[in-house]
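This report is meant for someone meeting the structure for the first time. It begins with a remark on charge and then takes up the chains, the core and some details of the backbone.

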Amino acid sequence: MYSLRDKYAIAGIGCTAFSKNSGRTVRSLASEASLAAINDAGLKVADVDGFVSFNFNDSVPAISVATEIGVPDVRYANDFLSGGNAANMIVLTAAAVIEAGLAETVVCYRAMNGRSGFRLGGGRDLSAHGITQFTAPFGWITYPQAMAMWCRRHMIEYGTTAEQLGEIAVTFRGNAVDNPRAMQREPITLDDYMASRMIVDPFRMLDICLETDGACAVVVTKAERARDLRHKPVYIAGGAYGGGPNQGEDLFDALRWPDHSHNYAKYIADDLWRSAGMGPADIDMAQIYDCFTYSVLMQLEGLGFCKEGEGGSFIGGGRIARDGPLPLNTHGGLLSEGYIHGLNHVLEAVQQLRGDAGPRQVPGVETCLTTAGAMTCGSAMVLRS
Amino acid sequence: MSYAKPLPVPDVETRPFWDGCREGKLLLQRCTDCGHKRFPPTHFCPNCRSAGQEWVESSGHGRVFSWIVVRHPVPRDIYAGEVPYVVALVTLDEGVRIATNIIGCAPEAVTADMPVRVTFREATPEITLPLFEPAPAS
């Protein structure tokens, strides 16, 4: 269990513009976001000595970013071969690295040309090796196709409806209207959602997140050091990373997963809440990993905000709206802000906890949950001001 | 005309499965120590860690666990002529789960727990795919 409650903090955040065609190298995007986060913290490049990132063979190594921005002394640099499941894990890893004395101030980033460059699940590989030989030959290739199979199970088990998924898409889009970073800022209605093109039944176009060129970065350092820096520190109260048995051979593979109506969240919930010394009732708002609308339901259920199977009704009635009792994805999420593989959720959490989110600021926020991952493996954190 | 869709590349662990499909048999691994049946193929038994294993023929019957209907083709040039098609997870009577296509009925006719049975379709001289079609309850 994560045992460093409130000992580490996020002291700075930074990002590039989010677009469909950056016209830039991924390395330059990573460098821009990292520099912005270092500046935001009020630090100099020479104050940073660690880098942690994750990628799907679609990004650049941490050492290349440290090299481009001229870090004089790189004590720790590591790249995880991971998907969105790692977006909170890398922040927890930064704290662990500093606790171990391997570095003092660590930049965590995710950078990709996710639309103009390498598109996840493009399916161009006609030779299906490894576990993929049991999926791709049946035309089961993309992540929307993978997750739709999970969503169907929730519909079978619990009667979850398209309208309930639509409520999530409409709510998050409404939040993006007030977010200048967001790629999709036109409000939508439930009718728009229902009329959007069926991509892979049960998923419509508006169930599926954006593809994005861009980068996000955060700076992690000791809490007492963060207190001397420019912004009010955002403390890492707790966190967890993992999943259940039978997580499979890669992120796509869930052939042996017991039932796709729940995901990693139920397996990390106990560790998460115990590490933070909190429970769902202590959470003021949450940024939930929403590569698809459906993944939000499994995480709310798995982490104990409602009972298993009740996510669809739980999110109704304005509960997750910005002025509701549990505001979710106040930046618009992966569905409407952009897909920086979940690290953009951490940026939004920090802005909200600083009281720095402008027109989309939720008043009086002291705790924010962030999650990362949708399927058999994921990570989550409780952040607090 | 050459086969345009992704093809399995058998390896040392999976070759017996694909050889079986070519011969019209759906084969599963069975642990020779604890009897646990497993799919997809692995070297060790996840139940007892034994490396002892043999291949046994499945009944070929199962039920639809979950399914999707692909309507937007990805990649377009490969699947434009295939949509709509059904990808399903089928739980075989032996208890293991396999990904496949459901053929022989309209996509809208697929339902949860629908009984299905295996039917083989040759893709190339080397590779035959195990697909499933509606079946009377087994």
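In chain A, the mean positions of the 32 positive and 42 negative charges are 3 Å apart. Chain B carries 14 positive and 16 negative side chains, and the centres of these two sets likewise lie 3 Å apart. These values, like the others in this report, come from a predicted model.

## The two chains

Chain A contains 12 helices and 12 strands. Its radius of gyration of 19 Å is close to the 21 Å that the globule rule gives for 385 residues, so chain A is as compact as a globular protein of that length. In chain B there are two helices and nine strands, which follow one another along the sequence as β-α-β-β-β-β-α-β-β-β-β. The radius of gyration of chain B is 16 Å, close to the 14 Å given by the globule rule for 138 residues, so this chain too is as compact as a globular protein of its length.

The table sets out some further values for each chain.

| Property | Chain and value |
|---|---|
| Box filled by C-alpha atoms, along the principal axes | chain A, roughly 55 × 50 × 40 Å |
| Span of the C-alpha trace, along the principal axes | chain B, about 45 × 35 × 25 Å |
| Buried residues | chain A, 64% of 385 residues |
| Buried residues | chain B, 48% of 138 residues |
| Accessible surface | chain A, about 12800 Å², 49% from carbon and sulfur atoms |
| Accessible surface | chain B, about 6300 Å², 49% from carbon and sulfur atoms |

Among the contacts in chain A between residues at least 6 apart in sequence, 78% join residues at least 24 apart. For chain B, residues 24 or more positions apart account for 51% of the contacts with a separation of 6 or more.

## The nonpolar cores

In soluble globular proteins, nonpolar side chains tend to be buried together. Here the largest nonpolar core has 147 residues, of which A:V91, A:F203, A:V220, A:L369 and B:I102 touch the most other members. Leaving aside neighbours within four places in sequence, A:V220 is in contact with a set of residues that includes A:Y8, A:I10, A:V91, A:I98, A:V106, A:C108 and A:I236, and also A:E104 and A:T105. A second, separate core consists of 28 residues, among them A:A37, A:F51, A:Y109 and A:A226.

## A buried helix

After α9(A) comes A:G304, whose phi is positive, near 90 degrees.

Most residues other than glycine have a negative phi, and most peptide bonds are trans. The bond from A:D201 to A:P202, however, is cis, with omega near 20 degrees, and A:P202 is found in the loop between β6 (198-201) and β7 (203-204) of chain A. In chain B, the peptide bond from B:F39 to B:P40 is also cis, with omega near -5 degrees, and B:P40 lies in the loop between β3 (37-38) and β4 (53-57).

Although A:N329 is not a glycine, it has a positive phi of about 45 degrees; it sits in the loop between α10 (311-314) and α11 (333-336) of chain A, and at 0% relative accessibility it counts as buried. B:D113, which is not a glycine either, has a positive phi of about 70 degrees. This residue is found in the loop between β7 (97-101) and β8 (115-122) of chain B, where B:D113 is partly exposed, with a relative accessible area of 48%.

Terms used:
Residues numbered from 1 in each chain as written. Chains lettered and ligands numbered in written order. Predicted model: local features only at pLDDT ≥ 70, side-chain atom pairs only at ≥ 80, totals over all residues. Heavy atoms only, no water. Core = buried A, V, L, I, M, F, W, Y, C linked by side-chain atoms within 4.5 Å. Buried < 20%, exposed > 50% of the residue type's maximum accessible area, 1.4 Å probe, protein only. Contact = heavy atoms within 4.5 Å. Helix = DSSP H or I, 4+ residues; strand = E, 2+ residues; numbered from the N terminus. Rg over C-alpha atoms; globule rule 2.2 N^0.38 Å. Areas by Shrake-Rupley, 256 points an atom, 1.4 Å probe, with all protein chains shown as cover. Lys, Arg positive; Asp, Glu negative; His and termini not counted. Charge placed at Lys NZ, Arg CZ, Asp CG, Glu CD.
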